[in-house]
Number of protein chains: 2
Amino acid sequence: MAKVNDNYLKLPGSYLFSTIGKKVREYSEKNPDKKIIRLGIGDVTQPIAKSLIKTLHSAVDEMGAAKTFKGYAPDLGYEFLRTAIAENDYKKRGCDISADEIFVSDGAKCDCGNIQEIFSTDNVIAVCDPVYPVYVDSNVMAGRCGDYDEKKGTWSKVVYMPCTAENNFTPELPDKKADLIYLCFPNNPTGSVISKAKLQEFVDYAIKTGAVILYDAAYEAYISEEGIPHSIYECEGARECAIEFHSFSKNAGFTGLRLGYTVVPKALKAEGTPLHPLWARRHGTKYNGAPYIVQKAGEAVYSEEGQREIKEQIAYYMKNARYIYDGLKTCGYTVSGGVNSPYIWLKAPNNMTSWEFFDYLLENANVVGTPGSGFGPSGETYFRLTAFGSYENTVEAVDRIKSLGL
Amino acid sequence: MAKVNDNYLKLPGSYLFSTIGKKVREYSEKNPDKKIIRLGIGDVTQPIAKSLIKTLHSAVDEMGAAKTFKGYAPDLGYEFLRTAIAENDYKKRGCDISADEIFVSDGAKCDCGNIQEIFSTDNVIAVCDPVYPVYVDSNVMAGRCGDYDEKKGTWSKVVYMPCTAENNFTPELPDKKADLIYLCFPNNPTGSVISKAKLQEFVDYAIKTGAVILYDAAYEAYISEEGIPHSIYECEGARECAIEFHSFSKNAGFTGLRLGYTVVPKALKAEGTPLHPLWARRHGTKYNGAPYIVQKAGEAVYSEEGQREIKEQIAYYMKNARYIYDGLKTCGYTVSGGVNSPYIWLKAPNNMTSWEFFDYLLENANVVGTPGSGFGPSGETYFRLTAFGSYENTVEAVDRIKSLGL
C-alpha cells in the first residue's frame, strides 16, 4: 500500500497568492465596472529587451538547422553562460568565484526549493520573519519544521529572526542553534538591505558554528546605493559557508523565460563533506538543463547593449518605486524599502491588520497589494506593494490611495 | 553544524554516461585521426520541425512587445497546452483524462525524479532490471533503497523485476510487496513493449494491493504496431492507481527545449489521500512553470502540420532502427527492440561482458553504444544502440560492426 509524505499534509491552507487571486476574482465578478490595479505579485510587466529578443530569434534559428541544432544541454549549464556569469557577476566585483562553481537552472525559486535536499532532515533552519514562503514550505515538505501553530503562525522547529521597524528590518543573528540560515537581500518582502558589516557578522557566525548560509540575491540588480553588498562572496570567508542564488527574472524580466543560477563554492563543506559534488549529482539526476535558447539570451544580458537595456528597465521600475514611496510618505504612511529594491513595505494605518487593509484597498481604491502577515507573524499590520506595474497604473494606484486620505 | 543528506553518499561512482564520456574522450585523444560514431546516449539529432520553429519565432516576438509579453506562466501549465494534450493524447485514444489532471513541466526526467517526494520515505519501490537510472537514484537520495551491494549491483530494499530474454524483456509482477512500481514502455533500455493484457495485470495488482504505478511513456510515439497501449489509462482502473509521464523530447526533438508533462488523475489516492493536490502543491512551491515560448511550440506539435512533421522525424529515426536491427541480425547478432522503440538491445557476442563489448566496439569499429550492465545486473552481457543518429552515420556504424564479423 503506497503511503503519502505526511509532511505535505501539515502545510496550512493554500498558497498566499492563491488566496489573493480568489479574493480579487470575487470582487471583480461583483464589480465588473471597476478597474483593478495589481501591485501585488512580484511579476514584471516590461517586455524582454530588444537585443535579447534578437538573440532569442537567432538561437531559435540554430535549433531549426541540422548543423547548429542543440540537444541536451550540459547538466550544469553551457560554458559560455557560466563564464559570462563568473566574469560579470563575480570577478568584476572582486569575488573569487569560478565558472565551474556555477550551476545554471530554470530559476532561483526551483533552486531555493530544491537545495534543502542535499542536507540531512535533522538540520534546524533559521529564516527571517517575514519571509518568502518557499524557504519554509520546502523544508516543511522534507519534515524539518515540526508542527504548525496556527495561532502564532509559526513552526515549532524553525528558528525565526524577526525583521521589524526596531531593527530596520534587518535580522539579528539567530538566538538559537541553527544549521541552515536563509537570507534574502535586498529583501523580499520588506525591501530592506543588509550592510556589508552586518552580513560579515552572519558569515563569521556560520564559520564559527559550522552553519551554511543560503543566500538569495534575486534582487541585487536593484541596489542603487554604494557600499551595499551585491553578493555574499564580498564577505571574507563566505566561500567556506555560503550558497548563493541568482535569478534573471527581476533584472532582465525572465519570469516567463525561466533562468537562474546557484553558486556552490568548491571550498564549501558540511561536516567535512564538500557540497559541490552533492548539488552536481542532484542536478544531474533530477534535472536536464535550461533550454539552449534561454541560456543564449542569458549570455546576451551581459553584453554591452544588454546591460544598457536592462539598466533602463530597472530604472523604469525604480521610478515607480519612488512614486509609490514618496506618494505614500507625503500622505502620512509609514513606508520603507523601495530605494534598493522594487518592494515598498508599509504599515497599515489606523490599527488595521494586513488582511483588513488588503480588503480596504481592494474595495476603496481597487488596488491589490500583498498582506504582510502572509509572509510571517512579524509581517502582521504591514503591506507590500511592488514597483513592477506600468508607470501609468502605478501613478493611478498611488493617486487613488492618496485620495482616500489617512 | 550543518549535516549532509547521507543517502547521497551511498550512490556508487559517477553516472553511467559520464563514464562513457570519459572513456570516449580518452580514446579520442590517443587516436585523433579516428572518426567516432556515437549511438550511445538517447539524444536526438534532427533539427526542430519547421512549423514549430515558426511558432517559436512568433512567441519570441510576443515576449518582445508590451501588449503580448508574458510573465510567470500558470504553475501547472498554460490552458491552451493542457487542453491540446488532453484532447490529442487522451480523449482521441478513448482515455478519460481531463486538462486539469495534466501538469506541464520542463521534462519527464525532472518529473520522474521529483515524483517520489510526495510519497513517504518508507514505501518500497519496484523497478524493472535493467532500468533507467533516474528511478532508482532519486529514491536512493530520499533514503528508500537501503544499502548497495557492489558485487550484485543491487539495493537491499528495492524489489527488482528482471527483464530477460526468457520473458521477452517484459517484467512479471513483483515477487515481493511493493508500494511504488516504476514501469517504462516502450522500454528504455531494452526497446521492448508491454501488451495491453499484461499491463492490465499490473493495474489489477496495484488496485488489489494499494500500490501506485509510475508509468513512463516517454517513447510512446515510436509504437508502430497495433494493439500496444500508448498510455496506461487505456487499461481499466488505471485512473485509480497510476501516474503517467510524457516527454516532448523524443517525439518532437525537444531535448534542448525542455518540455514534458505528468498526469495525476483526481481519482488517484494513497491511503485515502488524493495525490493530485500534493503534486500541485509540490509544483507550486518548487517550480515556476515552463517557458511560454516552449509551451507554444508544444501546442504546435498537435497541429496538423506539426503532426505531419514529427511523424516524418520519427520515421527517419525508425529507418535507422531498422537498419541497425536488420544489419546486426544478418550478421548473426541476437537483437531485440527497434520495432516500437528507437532502442536496439543486443547480446554481446563471444561471452563478452557489456563493458568488454563497449571497449571492443570503441576500439575496433569506433562506435559508441551503452553497456547494458549500466542499467542493472540483468543488463550484463547486453548492449544498447540508439536510432537517434543521422542516417549516414548509422549506416556507417552498422557496416563497420558487420565488417568485424562475429
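1. A word on terms before the tour: two strands pair if DSSP finds at least two bridges between them, and strands (E, at least two residues) and helices (H or I, at least four) are DSSP runs numbered from the N terminus. With that in hand, strand 3 (residues 125-129) and strand 7 (residues 180-184) of chain B run parallel and are joined by two bridges. Within this pair, B:Ala126 stands opposite B:Ile181 of strand 7.

2. Please keep in mind that this is a predicted model, in which local features need pLDDT of at least 70, side-chain atom pairs count only at pLDDT 80 or more, and totals for chains, interfaces and linings use all residues. Residues are numbered from 1 along each chain as its sequence is written, while chains are lettered from A and ligands numbered from 1 in the order in which they are written. On confidence, pLDDT is the predictor's own value for each residue, from 0 to 100; chain A has a mean of 97, and 100% of its residues reach 70 or more. The model scores are ipTM 0.97 and pTM 0.97.

3. Now to the sheet in chain B. It is open, has seven strands in the order 2-10-9-8-7-3-6, and its pairing is mixed. At its edges are strand 2 (102-105) and strand 6 (159-162) of chain B, each pairing on one side only. On average, neighbouring strands are turned by 20 degrees against each other, direction ignored. Helix 7 (residues 196-209) of chain B packs on this sheet, touching strand 7, strand 8 (212-216) and strand 9 (242-247), and its direction makes about 150 degrees with that of strand 8. Here contact means C-beta atoms, placed from the backbone, within 7 Å; axes are lines fitted to C-alpha atoms, for helices over the stretch in contact, and angles run from 0 to 180 degrees between N-to-C directions.

4. How are the two chains related?

5. The contact between the chains takes 67 residues from chain A and 67 from chain B. Helix 3 of chain A gives the largest share of chain A's side, six residues. That side divides into 33 nonpolar, 19 polar and 15 charged residues, where Ala, Val, Leu, Ile, Met, Phe, Trp, Tyr, Cys and Pro count as nonpolar, Asp, Glu, Lys and Arg as charged, and the others, Gly among them, as polar.

6. Chain A is divided into domain 1 (12-47 + 305-404) and domain 2 (52-303), with bounds from an automatic or database domain assignment. Their centres, taken over C-alpha atoms, are separated by 25 Å. Their contact takes 32 residues from domain 1 and 38 residues from domain 2 of chain A. Helix 10 of chain A gives the most to the domain 1 side, with seven residues.

7. Finally, some backbone details worth a look. The peptide bond from A:Asn188 to A:Pro189 is cis, with omega near 15 degrees, and A:Pro189 lies in the loop between strand 7 and helix 7 of chain A. In chain B, the bond from B:Phe185 to B:Pro186 is cis, with omega near -10 degrees.

Terms used. Two residues are in contact if their C-beta atoms, placed from the backbone, lie within 7 Å.
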